[in-house]
Amino acid sequence: MRILVIGSGLAGINAALLASEFADVTLLSKGPLEQTNTQRAQGGIAAAVAALDDPRRHAEDTIRAGAGLCDPDAVHALTGDGPEAIERLLQLGVEFDRKADGALALATEGAHTIPRVLHAGGDRTGVHIQSALVARLAECDVDVRTHVTVSELIVEAGRCVGVVTDGRETLLADAVLLATGGAGALYRTTTNPANATGDGIALAFRAGAVVRDPEFVQFHPTALLGANSAFLISEALRGEGAVLRNAAGERFMIQVHPDAELAPRSVVARAITETMHRDDADHVMLDISHLDADFLRERFPGVYRGALNRGHDITAGPISVAPAAHYHMGGVYTDVAGRTTVPGLYAAGECASTGAHGANRVASNSLLEAAVFSSRAIDAIRREPGPARAPSGEMRTLHWRLEGCAPSLERLQATMNDLVGITRNEAGLQNALDRFSEWSAEPPTQVDPSLPLATLTARLIAEAALQRTESRGGHLRLDHPGEDPTWHRHSLWQLARE
Ligand SMILES: Cc1cc2nc3c(=O)[nH]c(=O)nc-3n(C[C@H](O)[C@H](O)[C@H](O)COP(=O)(O)OP(=O)(O)OC[C@H]3O[C@@H](n4cnc5c(N)ncnc54)[C@H](O)[C@@H]3O)c2cc1C
């Protein structure tokens with residue numbers, strides 16, 4: 001059996017390692033192996049491993065934060081498999097931080113009602129996970145090809161049978177697993193690496209797969225904005241007691257939510273945005289300097305050094321933060337086995353929509369999702385059970401000319417930032433869609449094989465954001481500020497048949 005895995009983050013490498021036990025595996029990655037969202041993860045990975053915790057409680061916390069759109073089966077699969085996924089990561093060599101007595105150290109993060117977040121190297125969890133996985137990959141029999149962009153999936157008689165890379169080479173396989181990560185780099189202001197352009201969603205959509213809830217983009221509440229990138233200030237700081245203040249120095253989250261700074265991300269990001277509007281400022285202040293400086297340097301070495309390199313010392317006083325595009329809840333629809341609606345095509349990790357996050361992801365659940373559902377997908381491939389049943393609900397279709405493309409990634413990012421960003425309204429979204437239509441008519445001026453994919457994923461986000469005339473989770477419409485019970489449902493998208 002031959003399996004193609006697209007992506008070298010936690011979902012992709014974990015899947016490749018498992019698949020190599022029974023199949024010929026090729027792993028393709030657009031950049032270097034480490035240019036992933038996985039590598040950047042800071043706070044940690046959530047799982048019910050504490051004596052007082054239990055997967056049902058983890059599931060309850062997850063569902064509460066999901067703004068009504070979590071799929072309970074997916075959530076229970078996520079939290080139920082959580083302890084086993086942690087065991088596997090330990091076996092693969094991830095050295096999670098431990099307390100003096102040798103027990104795993106567990107942190108608290110937003111929406112988790114009990115400490116359950118494992119971390120490594122303080123706040124360098126992603127670096128530790130990525131490097132352990134890359135080391136194991138080097139030891140096993142996987143054909144690894146970096147700097148290769150998958151530009152198209154090959155579909156024959158309705159089945160995915162391979163991929164085209166960089167618009168040229170064809171690779172055939174019995175099964176293809178998309179593990180292409182997030183879409184943050186569709187925005188100018190993002191915590192994601194530049195290659196996180198949501199390619200997997202567009203690839204799957206063009207191959208006929210169902211895409212679900214693309215409008216739900218999570219903006220991380222607290223990032224240090226630089227000229228070309230946003231540096232994440234982990235939620236774990238707020239878990240340890242960091243507070244947010246407005247321009248007058250007041251803690252504004254106390255009035256907004258009973259959990260104050262530890263409210264779900266969408267609530268905090270929205271409150272920060274509103275506070276920035278009110279104060280006519282481009283940031284609010286985050287302060288953790290009341291804690292011991294040595295403790296902060298040891299607990300948050302990555303954030304401490306990263307902020308210092310940008311001219312901010314978290315031990316010395318408040319630092320300026322603002323929201324940035326961070327995580328994509330929407331994605332390629334899969335069932336709990338990681339199967340898409342196209343036979344032979346699977347998806348796992350951030351590019352998938354398993355239903356585990358609903359409209360708002362809980363902190364530290366995404367690394368867990370990547371670990372759990374990549375293992376499940378490989379299990380499904382081994383058993384060859386056929387595709388997922390199409391989800392029930394109204395299916396919207398979208399025509400897409402394959403050559404449709406933004407003139408440059410920068411133009412696309414500016415459009416997404418300005419018109420499809422953290423706050424949205426009908427006029428802005430329509431304006432964005434008009435631009436997409438104009439671009440569709442223009443011949444592509446760039447050779448980057450990701451650009452047409454990025455453009456399509458961006459368009460799906462904008463189309464779905466326009467359709468959803470309410471505010472829910474990560475989707476905030478200024479012209480429809482409340483939740484609308486008639487929108488208590490997923491949005492489903494599929495390519496229109498010509
Ligand atoms: C700054 C930051 C901090 C975070 N902190 C946390 C945290 O503490 N806890 C948590 O749970 N989550 C966190 N997240 C989210 C989490 O890191 C990601 O959701 C998760 O790592 C995604 O893993 P993945 O394997 O799905 O994708 P990724 O790790 O992003 O890997 C995607 C891979 O796909 C490849 N790829 C993409 N398109 C193509 C293509 N067309 N052809 C070939 N290859 C392609 C890329 O090159 C890359 O190798 C954080 C994210 C960021 C950005």
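## Surface and basis of the model

Accessible areas come from the Shrake-Rupley method with a 1.4 Å probe, and for residues only the protein chains shown count as cover. By this method the chain exposes about 18400 Å², of which carbon and sulfur atoms supply 49%.

The model is predicted: local features need pLDDT of at least 70 and side-chain atom pairs count only at pLDDT 80 or more, while totals for chains, interfaces and linings use all residues. Residues are numbered from 1 along each chain as its sequence is written, and side-chain values use heavy atoms, leaving out hydrogens and water.

## Overall architecture

The chain holds 16 helices and 21 strands; helices (H or I, at least four residues) and strands (E, at least two) are DSSP runs numbered from the N terminus. The radius of gyration of the chain, taken over C-alpha atoms, is 21 Å, close to the 23 Å that the globule rule gives for 498 residues, so the chain is as compact as a globular protein of that length. The globule rule is 2.2 Å times the number of residues to the power 0.38. Along the principal axes, the C-alpha atoms fill a box of roughly 60 × 55 × 40 Å.

Of the 498 residues, 61% count as buried, meaning under 20% relative accessible area with a 1.4 Å probe and protein chains only. A contact means heavy atoms within 4.5 Å. Among contacts between residues at least 6 apart in sequence, 73% join residues at least 24 apart.

## Aromatic pairs

A search of the whole structure finds two aromatic pairs. Rings of Phe, Tyr and Trp (its six-membered ring) pair if their centres lie within 6.5 Å; planes under 30 degrees apart count as stacked, over 60 as edge-to-face and the rest as tilted. The rings of tyrosine 187 and phenylalanine 219 have centres 5.4 Å apart and planes at 80 degrees, so this pair is edge-to-face. Because tyrosine 187 lies in the loop between strand S10 (175-178) and helix H7 (199-206), and phenylalanine 219 in strand S12 (residues 217-225), the pair ties together parts that are 32 residues apart in sequence. Both tyrosine 187 and phenylalanine 219 are buried.

Phenylalanine 436 and tryptophan 439 also form an edge-to-face pair, with 5.6 Å centre to centre and 75 degrees between the planes. These two residues are three apart in helix H15 (residues 426-441), and are therefore separated by about one helical turn. Phenylalanine 436 is buried, with a relative accessible area of 1%, and tryptophan 439 is buried at 2%.

## Two buried loop residues

Serine 364 is found in the loop between strand S19 (352-353) and helix H13 (365-383). Its relative accessibility is 6%, so serine 364 counts as buried. Not counting residues up to four places away in sequence, serine 364 touches Gly43, Gly44, Ile45, Ala46, Glu109 and Val117.

Threonine 340 lies in the loop between strand S17 (331-333) and strand S18 (345-347). At 0% relative accessibility, threonine 340 counts as buried. With residues up to four places away in sequence again left out, the residues touched by threonine 340 include Ala209, Val332, Pro387 and Ala388.

## Helix H12

In helix H12 (residues 301-309), the residues Pro301, Gly302, Val303, Tyr304, Gly306 and Ala307 are buried. The buried residues of H12 pack against S12, strand S13 (230-232), helix H8 (235-239) and helix H11 (293-299). After H12 comes glycine 311, whose phi is positive, near 90 degrees.

Methods. Buried < 20%, exposed > 50% of the residue type's maximum accessible area, 1.4 Å probe, protein only.
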